[in-house]
Amino acid sequence: MGGRVKQRTAGLMVAVPVIICCGALSLVLIFNWLANDSTPTLARSIPGMDGGPPQSERDQSGDLNVNLAGTLETFDGIPSDLPGSWPRFRGADFDNISKQNVELADQWPADGPEVLWSVELGEGHAAPAVLNGCVYLFDYDETKRADALRCFSLKNGKEIWRRSYALPAKRNHGLSRTIPAVTEEYIITIGPRCHVSCVETKTGNFRWGIDLQKEYGTTEPLWFTGQCPLIDGGRVILAPGAPDALLMAADLKTGEIIWKVPSSKGWKMSHSSVLPLTLHGEEMYVYAAVGGMVGVSKEGNLLWEIPWNASVIAPSPVPVSGNRIFITAGYGSGSLMVEIEKDASGYAAKEIAKHGPKDWLACEQQTPIVYDGLLYGIMPKDGGALKQQFVCFNPDSGELVWSSGKTHRFGLGPFILADDKFFVLDDDGTLTMLAFSKTGYQQLAQHRILDGHDAWGPIALVGTRMLLRDSTRMVCIEVGEKE
Amino acid sequence: MSEMGNRGRRNFVRGAAAALIGGTVLAAARSRSPKLVWQIDPEKCTRCGRCATHCVLAPSAVKCFHSYSICGYCDLCGGYLRPDAKGRNTGAENQLCPTAAITRTYIEAPYYQYKIDEDLCIGCGICVEGCDVFGNGSMYLQVKHDLCVNCNQCAISNACPSDAFKRVPASDGYLLKSDQEKRISS
């Protein structure tokens, strides 16, 4: 019995110091572990490590002190007597559908449609408007570093006059990218750095101008301004996307501001253009700003608004039957369908559907066409298997009706509908003619028209003359039936 | 007995001679055929992410290449910034690359230069996807031959869903995107 006690005592005499030593050692190790910085080699990624100015400063383009009156040069071109017009972005009815009663060829000769004339342009994506035999294009003169409204003869492409003002701009995926709005009396332009000008249509004489950045605090969009101006009667409708003027109306003759709708939520200018629309029997202006879409009455009252989180919006809103509006954008944004409701308390925008670019019609750059109840467009690069395909969607069911297939892709290309044919231009200047179809892709003809790249400027069609451009050249081709 | 022994020696000598001649021919043939290395065809690559996970090396021998002649030097860079980035800056929360392997440097308004830090790049292709979908496609994946151990059967090529891996001559071991880079590399 005594031996056992002795043994236990001896065991305790060994175990206790060992436990104490182990405990002390553990405490030391834990202390060291906690005391040591285990991340000495990690570097923090914080804003400002690129050496650039803060984003708030980058988004302010500063005071450019641009003399918008500029100078007028005249040349030996004369207006042609060719009939027809394409007076603004997406044509007279804002739908990109030519409704002139002209038969276009169903096939092209082996060497393609005849190129009637061609002119060199500054790098960009600006496209022409046409009225009374004159082609108006808002170009950027890279030699003189100036915005330049150029007037050409539709017949032979000879320049008639050029109104330009000096403007510093560096190429940033091109420079020019808007389409003038033209009436019998006046032309309205918006330049890459948010300068609005009004000149006389026949003479090119300067009438008035607005610097949206300087006067209203507009934030110049990434890659310059893409908004095309709207003339509605005697008014110019602009979307400065500025704190005090999300949308505004100016007198066409004088430039005097008639009304402004403030941007109460801080929404900003996008590349989208203002769409005039009649919903519930009321005429209104619809604009998709960076931040959301709004409807504004002709008197300048905000009727409805709906937020939409798209960082870059190039296409414009598209009206769909049933008081619905479809808007789409690239860069992962996808599409949004809203229904505008009206009751005794006023208007309200209700989200009907919102989908990513792989799940529904989405377009990165060009505005879809609605025709005979269906939506047509070119899918963006993030459109999954349908990327860059020409597609037809049912706006009611959201289902894909048909697509051009993986062997027919069109980049970011512009397209137009005329004489029951789609004309689709791909990035490298290849023009494809399709038969209008609600059931499938039917290619009629295809030919490479332009040699350059980035052929993204919208197509204009006047009579049987089609105007196309790539990044540095505009051509006029004959697409009519040969006699 | 001695006749059988002679026959054995003769067979041995014949076998040795055949092996020597065969080996010499094989060696000569091998020395004449070009050395082949694995490479990724950028046109076929679908940025699936398997280059980062299936290489026998860790990190992978596949790295992001950047073509400066194709890059737009944009402030809003789809290869650098997350699609839902809160700001266009170098904050970690805005960066697309999981290892911060892309450095962004201000040049002048509105241009930024983007460089790939090869030591940090794991070849996941996330930036390549962003650059292709939202940008000009200047970023793309290539096997770095100074890192690659050139396995007989590349483990990534087995896993590649788009058949983008192929053998190319070591003397022309990169499938570069732009003519400008091709001229520089040659």
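From the N terminus on, the elements of chain B run α-β-α-β-β-β-α-β-α-β-α, which comes to five helices and six strands; helices here are DSSP runs of H or I with at least four residues, strands are runs of E with at least two, and both are numbered from the N terminus. The model is a predicted one, with local features needing pLDDT of at least 70 and side-chain atom pairs counting only at pLDDT 80 or more, while totals for chains, interfaces and linings use all residues. Residues are numbered from 1 along each chain as its sequence is written, and chains are lettered from A and ligands numbered from 1 in the order in which they are written.

Of the 186 residues in chain B, 35% are buried, where buried takes 20 or more other C-beta atoms within 10 Å of a residue's own, exposed takes 12 or fewer, partly exposed is in between, and C-beta atoms are placed from the backbone. Among the contacts in chain B with a separation of 6 or more, 73% are between residues 24 or more positions apart; a contact puts two C-beta atoms, placed from the backbone, within 7 Å.

One residue worth a look is B:Ala101, which sits in the loop between strand S2 (62-66) and strand S3 (102-108) of chain B. B:Ala101 counts as buried because it has 21 C-beta neighbours inside 10 Å. Not counting residues up to four places away in sequence, B:Ala101 touches B:Ile116, B:Asp117, B:Leu120 and B:Cys121. B:Arg47 is 54 residues from B:Ala101 along the chain, and their C-alpha atoms are separated by 17 Å.

Over in chain A, there are three helices and 34 strands. The radius of gyration of chain A is 30 Å, well over the 23 Å that the globule rule gives for 483 residues, so the chain is more spread out than a compact globule. A box of roughly 130 × 55 × 55 Å along the principal axes holds its C-alpha atoms. Buried residues account for 49% of the 483 in chain A. Of the chain A contacts between residues at least 6 apart in sequence, 54% join residues at least 24 apart.

Now for the strands, which count as paired if DSSP finds at least two bridges between them. Strand S9 (residues 186-190) of chain A pairs with S10(A) in the antiparallel sense over five bridges, with A:Ile190 bridged to A:Val196. Four residues lie between the two strands of this hairpin, and A:Cys194 in the turn has a positive phi of about 75°. Five of the six residues of strand S10 (residues 195-200) are buried. S10(A) also pairs with strand S11 (residues 206-211) of chain A, again antiparallel over five bridges, and here A:Cys198 stands opposite A:Trp208. This second hairpin has five residues between its strands, and A:Gly204 takes a positive phi near 80°.

Chain A also has an open sheet of four strands in the order S12-S13-S14-S15, with antiparallel pairing. Strand S12 (230-232) and strand S15 (257-261) are its edges, each pairing on one side only. Within this sheet, strand S13 (residues 235-238) and strand S14 (residues 247-251) run antiparallel and are joined by four bridges, with A:Asp251 as the bridge partner of A:Arg235. A further open sheet of four strands in chain A has the order S24-S25-S26-S27, also with antiparallel pairing. Its edge strands are S24 (369-371) and S27 (400-403). Strand S26 (residues 390-393) pairs with S27(A) over three bridges, and A:Cys392 stands opposite A:Trp402.

Beyond its neighbours within four places in sequence, A:Phe423 is in contact with residues including A:Phe415, A:Leu431 and A:Met466.

Finally, where the chains meet, 17 residues of chain A are in contact with 21 residues of chain B.

Methods: The radius of gyration is taken over C-alpha atoms; the globule rule is 2.2 Å times the number of residues to the power 0.38.
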